[in-house]
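Try each one before you read its solution.

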Amino acid sequence: MAQDYMQACNLDFSMLRPLAEQTLRKWDYGDLWAQMTGPAMRHDDKTIAMQRSLLTDQPEMLRLYDLMTEIIQSR
């Protein structure tokens, strides 16, 4: 889905590689939940709303974003 979204926005999918690599590096340091620092973990509603607004034309991505946000915030 990320690749499709990046292509739809005329963005190079390889831009996501550093994020994927960073996530894999954190794997070696234990609890991945404890290492999360994003807006969902911080309950940063302003950033979440801004990011959601970028997905209004992508209903599947928006549903996935909302589900992931909900799961992260419920932990």
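**Exercise 1: a charged pair**

Find the contact between the side chains of Arg42 and Asp44, and classify it.

Solution. Step one: the N to O distance for Arg42 and Asp44 comes out at 3.3 Å. Step two: the cut-off for a salt bridge is 4 Å, so Arg42 and Asp44 do meet in one. Step three: check the cover. Arg42 has 48% relative accessibility, so it counts as partly exposed, and Asp44, at 21%, is partly exposed as well. Keep in mind that this is a predicted model.

**Exercise 2: the rest of the salt bridges**

How many salt bridges does a search of the whole structure find? Work out what the other pairs link.

Solution. The search gives three. Take Asp66 and Arg52: their closest N and O atoms sit 2.6 Å apart. Asp66 belongs to helix α6 and Arg52 to helix α5 (residues 45–53), so this pair ties together parts 14 residues apart in sequence. Next, Glu21 and Arg17 meet at 2.7 Å, N to O. These two are four residues apart in helix α2 (residues 17–27), which means about one helical turn separates them. On accessibility, Arg17 is exposed at 55%, while Glu21 is partly exposed at 33%.

**Exercise 3: the core**

Which residues make up the largest nonpolar core?

Solution. Start with the members: Tyr5, Ile48, Leu55, Met61, Leu62 and Tyr65, six in all. Then sort them by element: helix α6 (residues 59–74) supplies the largest share, three residues. Finally, pick Ile48 and look at its neighbours beyond four places in sequence: it touches Pro39, Ala40, Tyr65, Thr69 and Gln73.

Notes:
Residues are numbered from 1 along each chain as its sequence is written. This is a predicted model: local features need pLDDT of at least 70, side-chain atom pairs count only at pLDDT 80 or more; totals for chains, interfaces and linings use all residues. Side-chain values use heavy atoms; hydrogens and water are left out. A nonpolar core is a set of buried Ala, Val, Leu, Ile, Met, Phe, Trp, Tyr and Cys residues joined through side-chain atoms within 4.5 Å. Buried means under 20% relative accessible area, exposed over 50%, partly exposed in between (1.4 Å probe, protein chains only). Contact means heavy atoms within 4.5 Å.
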